[in-house]
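Hi,

Here is the structure for your files. My notes on the strands follow below it.

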Amino acid sequence: MGKPTGFMEVDRVTDSETAPLERIKNWREFKIHSDEKTQRAQGSRCMDCGTPFCHTGHMVSGMASGCPVNNLIPEWNDLIFRGRWKEALQRLHKTNNFPEFTGRVCPAPCEGSCVLSVIEPAVTIKNNECAIIDRGWEEGWVVARIPSKRTGKKVAIVGSGPAGLACADQLNQAGHSVTVFEREDRIGGLLMYGIPNMKLDKELVVQRRVNLMAEEGIVFKTGIFIGKDSEWTAEKLRKDFDSVVLCCGATAGRDLPIENRDADGVYMAMEFLTTNTRYQLDHKFDGTNPALNATGKDVVVIGGGDTGTDCVGTSLRHGCKSVIQLEIMPMPPEKRAANNPWPEWPKVYKMDYGQEEAAAIQGKDPRHYLVQTKRFIKDAAGNLSGLEIVEIEWAKDDQGRFIPKDVEGTLRVIPCQLALLAMGFTGPETEVIEKFALDTDARSNIKAEHGTFTTNVPGVFAAGDVRRGQSLVVWAINEGRGAARECDRFLMGITNLP
């Protein structure tokens with residue numbers, strides 16, 4: 001490394017942010033890059049650690065440890081420190097098609113497995129990644145790469161989320177003619193509608209990359225729901241294209257079928273988030289909100305994770321009366337527990353942007369742990385008016401399984417006019433699976449082995465959440481790249497794709 005003692009001399013400094021009470025007034029990204037001197041100093045903290053776990057991408061205890069796309073992190077950290085930004089960008093793009101996405105929304109399992117994090121705060125890997133790619137765009141280093149020749153092979157990709165886009169990018173660079181089908185009115189999948197604009201700017205970041213890919217020769221078709229569309233049927237795709245790659249995501253949300261679920265005011269989280277982002281884009285962020293909004297309401301977000309946080313942040317920007325978040329699991333510890341050692345992902349307590357914003361307004365973290373919703377309460381007109389909740393504790397049943405048990409005397413009703421269900425996803429929607437007559441696994445995902453990505457239908461591949469279940473953007477990119485490699489091998493007999 002350029003500065004072997006950097007990790008001993010330089011403290012961790014992350015990107016600054018617009019203050020919570022200021023940023024909730026708009027939908028703009030609120031992260032602010034450090035200046036170049038600070039960023040280079042952060043690059044110097046990367047240790048000459050011998051065996052860098054940050055880029056291994058292994059699964060440890062069911063979670064990613066290190067970068068799933070195997071980013072060459074020590075190399076580009078060193079190049080940042082040396083001020084060789086263009087070379088750092090070249091190394092970054094070798095493994096990651098879209099670092100401007102992961103640099104903003106990835107939870108950074110790389111930092112959880114950073115060797116320095118054993119004794120000190122981890123290297124600011126995610127910030128460094130984002131700084132490299134953003135500088136690349138600003139300097140004009142990110143330009144269209146139009147293949148010099150075409151193979152004559154045509155590939156259809158269904159779904160334009162991170163897996164579909166990564167697959168399209170790789171196959172296009174291999175010389176194939178790629179068409180991406182998207183059921184929504186804009187390209188990007190969850191990147192466009194599943195993640196709010198303040199975390200990932202749709203026009204300045206997502207659409208910018210989509211425009212570049214179109215310039216490189218990829219054809220994008222929106223408003224086409226494969227599995228329901230009368231023209232673009234599964235049979236037509238298999239007939240008109242030499243191969244099909246399904247990257248449809250795992251978009252079937254987990255519902256909460258309890259009493260009065262039909263109350264007006266209970267919504268799936270993704271419907272709430274998608275409706276808002278589409279409206280804001282259509283109305284050019286003019287300060288108004290869609291009909292489905294949190295303005296003046298007591299909002300309860302049921303479930304945690306990134307989606308729950310996004311619901312909190314969106315509700316605050318709508319001007320909700322109050323917002324709380326109910327978690328059925330216990331509050332995580334402040335530091336790693338004994339059964340959660342490095343280099344596992346650290347399951348520790350932290351406040352994300354939405355909780356920080358809520359705390360700035362309401363005075364405390366909006367999350368309530370070990371709480372279960374028993375029933376929705378609605379008024380005579382059928383509108384949601386409250387939630388009946390109870391505190392729980394986890395105890396083992398007769399078969400040794402942990403189950404939630406009500407804590408006596410804690411049953412109560414809280415006011416709520418908007419309940420958002422953010423409890424994760426159960427798997428992919430079924431239309432595409434049925435129309436292609438695909439086999440599924442025990443979790444309802446398309447059955448296709450990681451590494452080959454082949455389904456039971458010849459020439460049809462599956463990648464991303466539709467194959468592995470709900471996961472991270474960076475895993476979707478990993479899978480899209482892998483499926484592209486195997487699709488290229490299927491088409492050409494050999495492949496040079498990484």
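Five strands make an open sheet, ordered β10-β18-β11-β12-β13, with parallel pairing. Strands here are DSSP E runs of at least two residues, helices are H or I runs of at least four, and both are numbered from the N terminus. Two strands count as paired if DSSP finds at least two bridges between them. The edges are β10 (266–268) and β13 (367–368), each pairing on one side only.

This is a predicted model: local features need pLDDT of at least 70, side-chain atom pairs count only at pLDDT 80 or more, and totals for chains, interfaces and linings use all residues. Residues are numbered from 1 along each chain as its sequence is written, and side-chain values use heavy atoms, leaving out hydrogens and water.

Three bridges link β10 in parallel to β18 (residues 418–421). Y267 sits opposite L420 of β18. Helix α13 (residues 269–282) packs on the sheet and touches β10 and β18 (contact: heavy atoms within 4.5 Å). The direction of α13 makes about 80° with that of β10. For such angles, axes are lines fitted to C-alpha atoms, for helices over the stretch in contact, and values run from 0 to 180 degrees between N-to-C directions.

Next, the antiparallel pairs. β14 (residues 371–378) and β15 (residues 384–396) share seven bridges. Q372 partners V390. Five residues separate the two strands in a hairpin, and G382 in the turn has a positive phi of about 90°.

β15 also pairs antiparallel with β16 (residues 402–406) over five bridges. K396 partners F402 there. This is a hairpin too, with G400 in the turn at a positive phi of about 85°. Four bridges join β15 to β17 (residues 412–415), again antiparallel. E388 partners V413.

Best wishes
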